Amino acid sequence: MLAHGRLFSRARCAETQQHRKAQIMSTITKDSVKPNLHWRVVDIAVASAIGVVSSLIYWAAGLLYNPIGAPLAALVPGLDGVMNGLWLFAGPLALIIVRKPGAGVYAEVVAGVLEALLGNSWGGLETVAMAVLQGLGAEIVFACTMYKVCNLLTTMLSGTLAGVVCWAWSFFKHLQGINLLGAYGLWYLVSTLVSGALIAGVLMWYLYVALAKTGALDKFASGRAVRGMSV
Amino acid sequence: MVHMRTEKRGGASIRFANWGYRHASRAHFAIRGLDLDIPAGQKVLLLGASGIGKSTILEAAAGLLGTQDEGTGAGGLRHGESVSSDQGTAPEGTEGLLSPPQEAVDSEGGTSAGTVEVDGVPAAAARGKVGLVLQDPEAQAIFERVGDNVAFGPENMAVPMDRIWSHVRKAMADTGLEGMQLHRSTTHLSGGQMQRLALAGALAMQPGVLLLDEPTANLDPDGVGQVVASVRASLEATGATMVLVEHRTDPWIDMIDRVVVLGRCDTDVVDGEGELACAHTLDAEEGTRTCVVADGTPDEVFGDHGLDFASLGIWVPKCYRRAEDEIRRIQADDSRRGEETSGTGRIALSAVDLAVGRRGEAIAEHMNIDFASGQVTAIVGGNGAGKSTLALTLAGLLEPVSGKVEAAPALASGATGNMPFGWSSRQLAARISYVFQNPEHQFARGSVLEEVMLGPLRTGVGEVQAQATARRLLSRFKLSQYEEVNPYTLSGGEKRRLTVASALAAAPDVVILDEPTFGQDRVTWMQMARLIDSIRSDGVCVIVITHDLDLVTALGARVVELAARGSHGAGASIVQGARGRDIADGIVDVSTAGERAGTASLLNPVDMSDANGGMVDARWCQVDQRVEVSRIDSRSEAVKPSSRSPFLASLNPAYRMIGGFLAALPLIVTLDWVSATVALVLEFLLLACIGLKPWRVVASTWPVFIGAPGSALAVLLYGKSGGALWWHWGMINVTDRSIALAIATGLRVLAIGIPAIIAVLGIDATDLADSFSQVLHLPDRFVYGGLAGMRMFSVLRDDWSALTASRRSRGLGDDNKVKAFFPQAFALFVLSIRRSTTLAVAMEARGFGAPLPRTHARVSAVHTRDKVFVGVCLLIPVIALIASGMAGTFVFFGG
């Protein structure tokens, strides 16, 4: 009886594991016909937590800006934009985990308000304004798909659009004196977009898959999809 | 339906009818077919092994499981609706003969069957009738201030504001917290106080049922006493029904009317250890399910000799213990038997006049303790007495405040110096291992095997040998079947064993374990105790931080107690007596252990006799050393102003934010030195008027003074050019125009940044949330959900330091900072998501999130001065822009 049970279980494991790999590699959300767009308390709590941890990491990343960003800028003016993705990821990450309208804006705003209350080098309320705008940038892609399509590509686009907003804000706020289409402006644009796509996009996708594998996201359809469970 | 009424008012009945639940992560129902009828006012103790589903039962009774959120599109069904079983996604292989009456899939992917009713109403609709207290005190504090936490439940139940605070005061009085300042910060409470606060939070809803899920597992004996007394008093006052889940039931047993024992039955596979595992579902329960194996009064249940409590994982309360239930010194037949308190005599590690603490502030001083190989030392003492701080210092993970930790020559050989704190991470990992209380602070690899191989690999062992060592340890720790599994997905007991296995893998001479047995059932407890004993008999120096008396007994450990200064009880009287007598340095050496008695009596004969006759003997079978520490949790706090400017502090937070925006943002429309300078001058003048001197403003906003020159420099070198060319090199063009723009940029960054920072700096997060809710009318669920998340910030900061320490302990600490950052950030994400998931349960248990109106305990008032403030803020950019227009320097968006 015991041996039989184990065999059965092993076979099922192997099968589901293969299935799971296939699922992760392709699109993860083909799960439900109608995604549940209503926010549960756990959605709010986890989106907040993502915002809070992100603000902690934003702060830590702030310490890296000068030692890494300054030499880059000295090498190629505007290349320091590659750092920007480090301050853009809360929105895309919250969106791919929670998959509810407003998740991106909400997580960014939680991070932004927290940063503002703690006081940081980007200046209080400014982080709140940036958070709203960058969150909206991240949100657009998912909103366009009605939060149904969630994969590496949409996440990358989401990160890229957050990068666009970040770049635009910089030019309004403190780089108005620089020619948008000059060498500096273009380098800054390209490096910010690449950084947004890679750090706030691709990296977040793999972070989400790794998080789901720990079982921490079992309460979310997004997490159960990675673990090959019934959604 | 109404069940039998007891004489007390206020109790509610609970009824499980053919109830069951299957978690999304499981292939089979954890519980099925449960019928349990709890009449109003009854006090029930629910017993069973870890993982048997006790918490699931409580969550169901609290209405937090198997419910569908309103407006769902996922196709779930509510309790009480009659549906056929094919609605559920019951997997193949589950027993399908008896078609369960009502099955529904919920938004968490779980499937529930049957019904749970509270006073005849489905549990999900009875929220507020049921109060739930969870194990982790930290996870249940939702707000920063004590009073706000207690008021949260009544707010969610829409109790009118004028009555909320009387609910709060009553609940706090019932839990012995009367007199505690309502604005006091929860970060300054002890574990026992935090847990009483959680209880008060549940009681403030005036529930008919109180559900307690291991409420004392994390507490020291003093904290346990506080919580039990509070529960007893409040139940007497309210007559509420109670369902208690707890492993150690001694202090509770006399208030229990009924004991329900859960076990596994209907088995085709009997396997307590759960041999069946695959990467995504660890289904230990395959073929078994939870059922009630005994039900009756404590006398009936514990008097039933047919029940094998040990194998059910149950701790029998002391008063019912039979000979076979007693915890004794573990009988291991090894040659080192009898050495456990003294060790081999070879000292491995010594504390020499050691003072420990964090941030340079000593909480325990002048400690002189030796730790020998083959010896088990138990460091005991109340929550917050500094046990972990001492242990981290001994482990070389925290710098001593003064004095030193000295490694014996044998331990230190090959390392740089003899002080563990000075060793490199790799040197440390090979010599001293630290097992953290929370296993998730320690995981660093994606599979169980790699996790155990990490230590050997980091200390220079080859791949093949590391794998052999790891496999050997995994089989000794009964974890072999999980080699490929992600460590995070193991059960609590398995995680604990894994952390010990990986600590041992690097073959350290000293192993330090922080609370290795808390919250464990008797089976997993026994496994852990045996493992620790076997490590000791290998000749390892073992140091255990614990408040588990049974563990001390089972290991025959030497005891070092950290006693809080001014704490009450017999322990303190000894300490205080001693302080008056001699020992100025605060150490009292009290010993009742045979071999140390001579020393101790020489030192302090009077205390000796106290210790023998007093409670100390009863509490700690033998106390070999007592160290006095300062207490952290009894102080009064002043209300913290939300700004250094009394005027700003008196404003409504939402208006402060709006004002800050209005003062700063309009300046963006032009980039010229006149508007920026005018705005900057006005800002400094106005801030001076409201009590903020210029130097204070600069000190509070220093980051923008660093950011501004950076932006200015970029514009100077690469900005729009025009006029005379001053310097050209590569892409750099410094011209008249770029100079002017750079100056304007620098000034404008300051003019925007200063009000944007000053306006919000120091705002209390709770006040801000109240204002968002009441003044800006943002939805409460998001506002208070976000607020609760923000409170986790300080907890996560502590997690971060624990992660840093654990990585150093495991040999990962020498890595490049940037390289080390990402794995550590990942671990922080996992911790934060777990914490927030528990937080969501705690919040829902207080009735949060229901689509019903809620009230507010605090008023976010708006006064005339708020409107004046906003008007004045707007004047700044208006005047600045007019000035630049008149001066002719206005350049729309920098031109």
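The dialogue below works through how several features of this two-chain predicted model can be read.

Trainee: What kind of model is this, and how are residues and chains labelled?

Mentor: Residues are numbered from 1 along each chain as its sequence is written, while chains are lettered from A and ligands numbered from 1 in the order in which they are written. The model is predicted, and local features need pLDDT of at least 70, side-chain atom pairs count only at pLDDT 80 or more, and totals for chains, interfaces and linings use all residues.

Trainee: What scores does the model have, and where in chain B does pLDDT stay under 50?

Mentor: The model scores ipTM 0.86 and pTM 0.84. The predictor's confidence in each residue is pLDDT, on a scale from 0 to 100, and chain B averages 81, with 83% of the residues scoring at least 70. Where pLDDT is low, the predicted coordinates should not be read in detail. In chain B it stays under 50 over residues 1-8, for which the model has 16 contacts beyond four places in sequence, and also over residues 267-285, for which the model has 50 such contacts. A contact here requires the C-beta atoms of two residues, placed from the backbone, to lie within 7 Å.

Trainee: How many helices and strands does each chain have?

Mentor: Helices (H or I, at least four residues) and strands (E, at least two) are DSSP runs, numbered from the N terminus. Chain A has eight helices and zero strands, its elements running α-α-α-α-α-α-α-α from the N terminus on, whereas chain B comes to 29 helices and 23 strands. Among contacts in chain A between residues at least 6 apart in sequence, 74% join residues at least 24 apart; for chain B, residues 24 or more positions apart account for 76% of the contacts with a separation of 6 or more.

Trainee: At what angle do H2(A) and H28(B) cross, and with which handedness?

Mentor: Two packed helices are described by the angle between their axes and the distance between the axes. Axes are lines fitted to C-alpha atoms, for helices over the stretch in contact, and angles run from 0 to 180 degrees between N-to-C directions. The axes of helix H2 (residues 41-75) of chain A and helix H28 (residues 817-845) of chain B come within 8 Å and cross at roughly 145°. Among the residues making this contact are Val41(A), Ala45(A) and Ile57(A) of H2(A), and Phe829(B), Arg835(B) and Glu844(B) of H28(B). The crossing is right-handed, a term that applies if the near helix is turned clockwise from the far one by less than a right angle, with anticlockwise giving left-handed.

Trainee: Which residues have a positive phi, and are they buried or exposed?

Mentor: Most residues other than glycine have a negative phi. Arg99(A) has a positive phi of about 55° and lies in the loop between helix H3 (90-98) and helix H4 (103-118) of chain A; Arg99(A) counts as buried because it has 20 C-beta neighbours inside 10 Å. Asp119(B), with a positive phi of about 50°, lies in the loop between strand S5 (111-118) and strand S6 (121-122) of chain B, and Asp119(B) likewise counts as buried, with 20 C-beta neighbours inside 10 Å.

Trainee: Where is Val862(B), and what does it touch?

Mentor: Val862(B) is found in the loop between H28 and helix H29 (864-887) of chain B, and it counts as partly exposed because it has 15 C-beta neighbours inside 10 Å. Leaving out residues up to four places away in sequence, Val862(B) touches Asn652(B), Tyr655(B) and Val775(B).

Definitions and conventions. A residue is buried if 20 or more other C-beta atoms lie within 10 Å of its own, exposed if 12 or fewer, and partly exposed in between; C-beta atoms are placed from the backbone.
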